[in-house]
Amino acid sequence: MTTVTINILNPKAKKLLQELEELKLISICDTSKNNFLEIVNKLRAKAEKNPPSFESITKEVESVRSTRHAQEGK
């Protein structure tokens, strides 16, 4: 499957794309909503309630680094 982004300049083109979707030749996904920003906002809201301590962040970073170094050593 190949994914492309198309900017529709003429409303007639949108109708053609919808007809292709009805024929099950293409699938249309609306990407006007920014999911990344939505996820970031959720994470920020959680962090405001219970922010991680510097020690817990350091511990997690060290854990990931040690795992990564162990995998590179194989």
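How far apart are the end C-alpha atoms of helix α1, and what span should its twelve residues have? I opened my notebook with that one. At 1.5 Å a residue, helix α1, residues 11–22, should span 16 Å. I find its end C-alpha atoms 17 Å apart, which agrees. I keep in mind that this is a predicted model.

**Entry: the two ends of α1**

I looked at the start of the helix next. There, a side-chain oxygen of N10 comes to within 2.8 Å of the backbone nitrogen of K12.

Then I went to the other end. Just after α1 sits K24, with a positive phi of about 60°. I noted that K24 has this positive phi although it is not a glycine. K24 belongs to the loop between α1 and α2, the latter being residues 35–49. Is K24 buried or exposed? Its relative accessibility is 74%, so I put K24 down as exposed.

**Entry: salt bridges**

How many salt bridges does the structure hold? I count two.

One of them joins the side chains of K15 and E19, at 3.8 Å from N to O. Both residues lie in helix α1, four residues apart, which I note as about one turn of the helix. K15 has a relative accessible area of 53%, so it is exposed. The cut-off for exposed is over 50%. E19, at 35% relative accessibility, counts as partly exposed.

The other salt bridge is between the side chains of E62 and R65, at 3.4 Å from N to O. I place E62 in helix α3. That helix covers residues 54–72, and because E62 and R65 are three residues apart in it, about one helical turn separates them. E62 is partly exposed, with a relative accessible area of 43%. R65 is partly exposed too, at 44% relative accessibility.

**Entry: the largest pocket**

How much space lies in the largest pocket? I get about 710 Å³. The pocket is lined by 18 residues, and the closest to its centre are V4, I6, S27, I28 and C29. I also sorted the lining by class: eight residues are nonpolar, eight are polar and two are charged.

**Entry: distances across the model**

With a relative accessible area of 71%, T2 is exposed. How far is T2 from E55 in space? From C-alpha to C-alpha I have 44 Å, for a separation of 53 residues in sequence.

E62 and I8 are 54 residues apart in sequence, and their C-alpha atoms are 48 Å apart in space.

**Entry: for a second look on screen**

- I would start at N10 and K12, where the side-chain oxygen meets the backbone nitrogen within 2.8 Å.
- I would then go to K24 in the loop between α1 and α2.
- I would end at the largest pocket, with V4, I6, S27, I28 and C29 closest to its centre.

How values were computed. Residues are numbered from 1 along each chain as its sequence is written. This is a predicted model: local features need pLDDT of at least 70, side-chain atom pairs count only at pLDDT 80 or more; totals for chains, interfaces and linings use all residues. Side-chain values use heavy atoms; hydrogens and water are left out. The expected span of a helix is 1.5 Å times one less than its number of residues. A polar contact is a pair of N or O atoms within 3.5 Å; within protein, one must be able to donate a hydrogen and the other to accept it, and residues adjacent in sequence count only if both atoms are side-chain atoms. A salt bridge is a side-chain nitrogen of Lys or Arg within 4 Å of a carboxyl oxygen of Asp or Glu. Buried means under 20% relative accessible area, exposed over 50%, partly exposed in between (1.4 Å probe, protein chains only). On a 1 Å grid over the protein atoms alone, a cavity is a set of points where a 1.4 Å probe fits but cannot get out, and a pocket is an open set with protein on both sides within 12 Å along at least five of seven lines; lining residues have an atom within 4 Å of a point. Grid points are joined across faces, edges and corners, and a volume is the space filled by probe spheres set on the points. Ala, Val, Leu, Ile, Met, Phe, Trp, Tyr, Cys and Pro count as nonpolar, Asp, Glu, Lys and Arg as charged, and the others, Gly among them, as polar.
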